[in-house]
Amino acid sequence: MDQIASVLLSFPPSHELRSNNEYNDAAKTHVRQLNQLKQREPELLATHAPQLLQHVDAAINSISYAYLLSAIYHSDTKNSHLPDDLAECTATFLLTFDARQIRYAGGPFSSILDFVQTGQLLPASIAVELLASALLRLDPTGSMFTSHHLPLVILAYQTRNTQQILPLISKSIVFYPGMRGQTETRPLCDMRLASSAYISIESGMTGRVSSAEVMEYDLVCGLVHLYHRDWASAAAALERVVTFPTRDGGCSTIMVQAHHKWILVNLLATGLLRSTASVAPYVQRSLATLSKPYVELAKAFEKGALEGGAEALRAEAEAGATYWAEDRNDGLVREVLAHYQRHHILRLREVYSKIGLEDIRTLTHSAETGKPLDTTSEVEALLRDMIARGLLAGVVEPQGHLTFLPEGEELTEAQFAAELEKSAQHIRDLAPVVRATDERLATSRDYVKHLVKQQNKKEDGAGGRTSKSTSWDMGFDSQIEDEDLMTGLQVAGA
Amino acid sequence: MSDTLEAYFKQIEDQGGIIIRDTPRLDLDLYIQNYRGRTRWDRLFLIGRTSTRLCVDALKAAVAEAKRGKDIDRYVQAVEHLRTVLPTDQDAVLDKSWIERTGQANRAETQRLDAELKGYKNNLIKESIRMGHEDLGKHYEAIGDLSRAFDAYSQMRPDVSTPRHIVEVGKHLASVSLQRRDWVMVATNLNKLSGYQNGEEDKVFQPYQKIATGIALLGQEKYAEAAQCFLEADSTVASTHYNEIASPNDVAIYGCLLALATMDRNDLQTKVIESNNFKSFLQLEPHLRKAITQFVIGRYSACLAILESYRPDYLLDIHLQRHVAKIYAEIRDKCIINYMVPFSCVTLESMNAAFAAARKSVEPELAAMILGGKLQARINKIDGLVTTAPIKPRLKVQKSALETARNYEKEAVERLRRMSLVAADLEVRGLRRHLGGGGLPQSMQAQMSDLGYEESSA
């Protein structure tokens, strides 16, 4: 056991590791030792692990800690030997682990996340919070999708612990596991690395994911935002599903489901039916057919009361009742009906500066009943509710009319500059991502092939017999490279 | 009005046709005298189907007009319409012997011209071939076979030898296209000719070209360009050179109305009222001149009143009919906008006095214009005011700048994401279905509802 302890505590060493390379070598040696230990004496490791945990600091010896925890979870004698404070240890680990070290312990780290996700160890509310913070700790930019994301959001959504994952799901994901053409030569511990370099299938940090899982993740994110009534974020998340890249005439049911919800959420967020012009034509066709009742509903929503929009909307909502129920969108549809009058009251601002309550009553109808409200006092109550919610910038005057207040104040030069700077910073933050993507694309097979072709063309154009032989050589080289990468591709595709 | 007449117009109305019940100012005989050629019948027939007052006279004139020509279809059509309106009239009976005679003559003529043309072709004389085609085209046009006429005229083209011939070909084709209401074809054929008007002789062709192009543009609802064409038509050329398509009065009417609908105050003053060329056209329709003057000096209601009193007449015009409502609406909108220009705040009362019909309010119309973005104003219903909306350019610029920055960021992220998805081979594929995701796992499906969301809203 002492021997095990000495191995466990051997990293990080007492002396300082100055360069990344030094750190890399030390960490790799350490991981090799731990793996040997795990292979040779799994029993011994598992039995002593609970005691050893007391001597290892989660924040300092993160790699060792991860190995111990995963050994405990996977020991055959589970349950019987689980130490009492295992839950606490796991929590401490997930909250304090060293993000740089843990890059070397992808396998054990993943297995810890998986185990916590099962909910055997910790109640769901705590598990969700721990997992979300651990994923963000590992990748503060939140730009890499892992196989842990989807189970986490599903767990959070099913157990209604959505508040805790908001920081995680509000990050924009731009990297996915299994991207071809990654050629990173810098060591894992380099803090400048893009998250796609150290979170990979090879390092064990993530498993392989399918397109359905990626779409489902965004769909569930949309549902979580809906739960918080954040229409704009929900619309953005659902839009990611609707516009998911497709090829060979593919279209997925998840996309269709997302499209249904997307139409409804857009009505709530902006009151408009947005077109799906950016998706492939064959997907557009499928969506147009499968989302017809929703589109009709949205068209009715856009019409004002004087054009019969309220009655039409009500009729559409009733006619499609079974659709909504089957798609489990009946709640959203009810919300859309309730929002109809509010939306059209807001639009009155475009025409009127002051308007009597009686006029509002006749100009905007409730879609829930398909009729105008009965009394002006109901209108007033509705207006007060909208003003209280911050939806409407206006004042209900005691004389019985509504005055619209000016919308949006001018910013001062300084405020404006600050706002712009904020946006610029966001864009600058993207630079590392762009660089990583650029590197990846520049080394991809297709691009290299294209480059070779271009070069050939150029040389052929320049003429001369000598150039021909070189171009032939290059063609041959590219053939070889082609084959190498093809095998890689087949593995990736399998 | 007799029952048959009533039923006839009821039927037209049901089919979406336009009907005029007011007495128009025009005198049918004087009106039709202005034209020659096939347009006479077209115009008579249209008036017959539109005006309840002139119906019988116009249809009878149409029957007579058709009988003078060789087009049997037209004759039959006119008689049938007349029969529904006035079954007892002596003209309402088909003259079978005339039909037979004319039909026979037409067939014989076609054969003769065809044979002649073949003879010319065998002799390979270019000029004769061209003329043979032209004769055949004219014949087809006269008997109402417009598509063959078009083909025959088109075949003149390979054998033209002088610029004059080219003009003739273009004119024939344009004329046929005009009758077929193929506006694009009219414009294309006439545009080809714009370079051939240098000679003194060809000057007489200028108004024809301008007017026909104008009508074609009008048909395509390009009002501004159409107005320009009519205003440029040369007024010194005798109307006989173009009266198979329009009369000088028509030119004045089309030009004025379209100019009113599309030009601003300055242009109206300089290009219409003060134009030396257009002046002589304007003299033919003094009330329109007055209407434009009223608009220019800011008496919008007077201008609109004049136009309104002539609406029935314009609805009887073959080319204008379909556009009158739209042109009038545009003129009206323009009046309202111009009325608002000098003020930052106008009372609804004064607007009503200027524009609304008795005991009605312009407010719904104003609201529609504001919503349509034509008018930058807000209505204050409580104090009865219409205020021009303050435009804050700074606010606009700031908003759009921030918007652009945000969109840029959003788009950048989205592009990166898509590149990564493609690189990771995660696109949804069509061929292997199960890969594209056959839906969600059953366990999740139950959870996919907005149930959670409902709870929160409850």
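User: How far apart are the mean positions of the positive and negative charges of chain A?

Analyst: In chain A, the 46 positive and 61 negative charges have mean positions that are 4 Å apart. Here Lys and Arg count as positive and Asp and Glu as negative, while His and the chain ends are not counted; the place of a charge is NZ of Lys, CZ of Arg, CG of Asp or CD of Glu. In chain B, the mean positions of the 62 positive and 60 negative charges are 3 Å apart. Please note that this is a predicted model, in which local features need pLDDT of at least 70 and side-chain atom pairs count only at pLDDT 80 or more, whereas totals for chains, interfaces and linings use all residues. Residues are numbered from 1 along each chain as its sequence is written, chains are lettered from A and ligands numbered from 1 in the order in which they are written, and side-chain values use heavy atoms, with hydrogens and water left out.

User: How should I read the radius of gyration of chain A beside that of a compact globule?

Analyst: The radius of gyration is taken over C-alpha atoms, and the globule rule is 2.2 Å times the number of residues to the power 0.38. For 494 residues a compact globule would come near 23 Å, but chain A has 29 Å. The C-alpha trace of chain A spans about 85 × 80 × 55 Å along its principal axes.

User: What secondary structure does chain A have?

Analyst: Helices (H or I, at least four residues) and strands (E, at least two) are DSSP runs, numbered from the N terminus. Chain A has 24 helices and four strands; chain B likewise has 24 helices and four strands.

User: What share of the residues in chain A is buried?

Analyst: A residue is buried under 20% relative accessible area, exposed over 50% and partly exposed in between (1.4 Å probe, protein chains only). Buried residues form 47% of the 494 in chain A, and 47% of the 458 residues of chain B count as buried. Chain A has an accessible surface of about 23500 Å², with 53% belonging to carbon and sulfur atoms. Such areas come from the Shrake-Rupley method with a 1.4 Å probe, and for residues only the protein chains shown count as cover.

User: Is A:Asn266 buried or exposed?

Analyst: A:Asn266 counts as buried because its relative accessible area is 2%. This residue sits in helix H13 (residues 253-269) of chain A. Apart from residues up to four places away in sequence, A:Asn266 touches A:Ala235, A:Gly271, A:Leu272 and A:Arg274, where contact means heavy atoms within 4.5 Å.

User: Which residues does A:Ser423 contact, leaving aside its neighbours within four places in sequence?

Analyst: A:Ser423 is in contact with B:Ala405 and B:Arg406. The residue belongs to helix H21 (residues 413-429) of chain A, and its relative accessible area of 5% makes it buried.

User: Where does B:Leu94 lie?

Analyst: B:Leu94 lies in the loop between helix H5 (72-85) and helix H6 (96-123) of chain B. At 24% relative accessibility, B:Leu94 is partly exposed. Although B:Val76 is 18 residues away along the chain, the C-alpha atoms of B:Leu94 and B:Val76 are separated by 7.0 Å. Setting aside residues up to four places away in sequence, B:Leu94 touches B:Tyr75, B:Val76, B:Val79 and B:Ile99.

User: What is phi of B:Glu221?

Analyst: Phi of B:Glu221 is near 65 degrees, a positive value in a residue other than glycine. B:Glu221 is in the loop between helix H11 (205-219) and helix H12 (223-232) of chain B, and is partly exposed at 41% relative accessible area. B:Asp425, which is not a glycine either, has a positive phi of about 60 degrees. Its place is the loop between helix H22 (393-423) and strand S4 (428-429) of chain B.
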